[in-house]
Amino acid sequence: MVRPEVDEDEREFLESLKCRKKAKTKRKKSEEANTEQCDAYPKLLARLYDALQEMHPDTMDARKKTLVPPPQLIRMGKKSNFVNFPEFPKALNRPPDHFMSFILSELGVTGNLDGERHMLLNGRFQAKHMETQVRRYISEYVQCLLCKGINTTMTKDPHTRLHQLVCMKCSATRNLSPIQQGYAMRTRQQRRAAAQ
């Protein structure tokens, strides 16, 4: 079979069509390779996490959240009763007297524990007031500054007589500031007694 002669214009046109077909097939192949790579990445990442979990199970645990219940306060005349007070020191792994002295000093009131271990506060308070104080206590005396973990212990250093915060996750230590007396309003009688 004899080929008909092709003009130069037609030859250029046919060559451009061949180039387009080649480019189109290259694009399809690269798209298929990209989708294979996209599918393979999560699988590889899962394999990596599984291998790390097998090698170091203590460091790869999911962040354990310590759930602290919302504070429940009941007003009894001029006093407030912090009903679920015993749950907070247990959840935060702190001594109850340290937690109580922080709350009392920050609110600037006096208070004590009753027979059922509820904290009685002299003054009218709402749950939102107590919640802000609990959050401040957690940020100052419970939470690790480096890893932001809550799995910490509080020990007293015998040499400096300061409380130390020791993180169980990253083993960081820091000295805790002592609880200072917050603002306490003085009554007129107290001002007169101080002046005399």
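This is a predicted model: local features need pLDDT of at least 70, side-chain atom pairs count only at pLDDT 80 or more; totals for chains, interfaces and linings use all residues.
Biologist: Okay. Where does Asn93 lie?

Modeller: Asn93 is in the loop between α2 (87-92) and α3 (96-107). Helices here are DSSP runs of H or I with at least four residues, strands are runs of E with at least two, and both are numbered from the N terminus. Asn93 also has a positive phi of about 60°, although it is not a glycine. Most residues other than glycine have a negative phi.

Biologist: What about Arg161, what's its phi?

Modeller: Arg161 has a positive phi of about 55°, and it is not a glycine either. You'll find Arg161 in the loop between β5 (152-156) and β6 (163-167). Arg161 counts as exposed, at 67% relative accessibility.

Biologist: You mentioned β5 and β6. What order do the strands of that open sheet have?

Modeller: The order is β5-β6-β7, 3 strands with antiparallel pairing. Two strands pair if DSSP finds at least two bridges between them. The edge strands are β5 and β7 (173-175), each pairing on one side only.

Biologist: How many bridges join β5 and β6?

Modeller: β5 and β6 pair over 5 bridges, in the antiparallel sense. If you want a spot to look at, Met154 stands opposite Leu165 in β6.

Biologist: Switching topic: how many disulfides are there?

Modeller: A search of the whole structure finds 0; a disulfide would be a pair of cysteine sulfur atoms within 2.5 Å. Take Cys144: the closest cysteine sulfur is in Cys170, 3.7 Å away, so it is too far for a bond. Cys147 is in no disulfide either, with the nearest cysteine sulfur, that of Cys167, 3.6 Å away.

Biologist: And is Cys144 buried or exposed?

Modeller: Cys144 counts as buried at 4% relative accessibility. Cys147 counts as buried too, at 18%.

Biologist: Now the inside. Which residues touch the most other members of the largest nonpolar core?

Modeller: Phe82, Phe99 and Leu121 do, out of 24 residues in that core. A nonpolar core is a set of buried Ala, Val, Leu, Ile, Met, Phe, Trp, Tyr and Cys residues joined through side-chain atoms within 4.5 Å. The elements giving two or more residues to this core are α2, α3, β4 (119-122) and α4 (127-141). Of these, α3 gives the most, with 6 residues.

Biologist: What does Phe82 touch?

Modeller: Leaving aside residues up to four places away in sequence, its contacts include Pro71, Leu73, Phe88, Phe99 and Met130. Contact means heavy atoms within 4.5 Å.

Biologist: Last one: how many helices and strands are in the whole chain?

Modeller: The protein chain has 5 helices and 7 strands, in the pattern α-β-β-α-α-β-β-α-β-β-β-α along the sequence. Of its 196 residues, 22% count as buried.

Methods: Residues are numbered from 1 along each chain as its sequence is written. Side-chain values use heavy atoms; hydrogens and water are left out. Buried means under 20% relative accessible area, exposed over 50%, partly exposed in between (1.4 Å probe, protein chains only).
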